[in-house]
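Let's take a walk through this protein together, from the whole chain down to a few single residues. Keep the structure open beside you as you read.

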Amino acid sequence: MRWGLAYAVGLSQLLFLSSAPVRGEVFTDPSTGFSVTVPAGFAIGSRRKDSNHEILVDILSQTGQPPVAGRSEALCAAGFRRNPPGAVSSLAELNALPALRERVAEARTILAGQNLQTETVESIKSSEFAGFEVVSVPTSGPDHRNVRIYMAIMDRVIGRNDIVCATTKQALPDALPMFRAIRDGTRPPTR
């Protein structure tokens, strides 16, 4: 009887440990405190200059999965853009339905201007930010019908974290949990 209990406890601990997500690489920007933690199998690439972001870093798949769509070596990019002081007064203001509808409409307009057709929009449930996910399809380019762009937009009083990933239509269902793990591994600046 003791052996059976010890075996069951040991097996449950093994299953718990093997089911826990394995952390990969961690990036923290020393000047702002913005950070990204990626799952095992992914790496933080180079930091890029971008006029829309205070900070933007590439995220690379070390295994080649999910496949990268497009010409970039990076599977995803994670960034932060700071709000002007006083632009947003509270998280409740960001979560208000009119504000969320306005941000979704703005995202659709921007995506359409970049030749991307919105396929799905879903809210992200969080007590830390007001956010939503968008999956879009390019309307032109080589093999554009086979490309899917995943975006996560996470607004806080301080500013916006966003994640953009590009993969194939076939790979997207299996890639979504990885993209969401990357999304959940981003933290806004601390200073």
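Let's start with a term: two residues are in contact when they have heavy atoms within 4.5 Å. Among contacts in the protein chain between residues at least 6 apart in sequence, 47% join residues at least 24 apart.

A word on what you're looking at. This is a predicted model, where local features need pLDDT of at least 70 and side-chain atom pairs count only at pLDDT 80 or more, while totals for chains, interfaces and linings use all residues. Residues are numbered from 1 along each chain as its sequence is written, and side-chain values use heavy atoms, with hydrogens and water left out.

Now for the overall layout. The protein chain has four helices and 10 strands; these are DSSP runs, with helices being H or I of at least four residues and strands being E of at least two, numbered from the N terminus. Starting at the N terminus, the order of elements is α-β-β-β-β-β-α-α-β-β-β-β-α-β.

Next, the pockets. On a 1 Å grid over the protein atoms alone, a pocket is an open set of points where a 1.4 Å probe fits, with protein on both sides within 12 Å along at least five of seven lines; lining residues have an atom within 4 Å of a point. The largest pocket holds about 1,100 Å³ of space, a volume being the space filled by probe spheres set on the points, which are joined across faces, edges and corners. It is lined by 39 residues, and the closest to its centre are Gln114, Leu116, Ile149, Val164 and Ala166.

Pick out Ile149 from that group: you'll find it in strand E8. Ile149 is buried, at 13% relative accessibility. Leaving out residues up to four places away in sequence, Ile149 touches Leu116, Val134, Val135, Ser136, Val164, Cys165 and Ala166.

The second largest pocket has about 210 Å³ of space. Helix H2 (91-95) and H3 each give two or more residues to its lining, and H3 supplies the largest share, four residues. Arg103 and Asp155 are among the lining residues.

Last stop: where does Thr32 lie? Look in the loop between strand E1 (23-28) and strand E2 (35-39). Thr32 is buried, with a relative accessible area of 6%. Its side chain reaches the backbone nitrogen of Phe34 at 3.1 Å. Setting aside neighbours within four places in sequence, Thr32 is in contact with Glu54, Arg82, Pro189, Thr190 and Arg191.

Methods:
Buried < 20%, exposed > 50% of the residue type's maximum accessible area, 1.4 Å probe, protein only. Polar contact = N/O pair within 3.5 Å; in protein donor to acceptor, adjacent residues only side chain to side chain.
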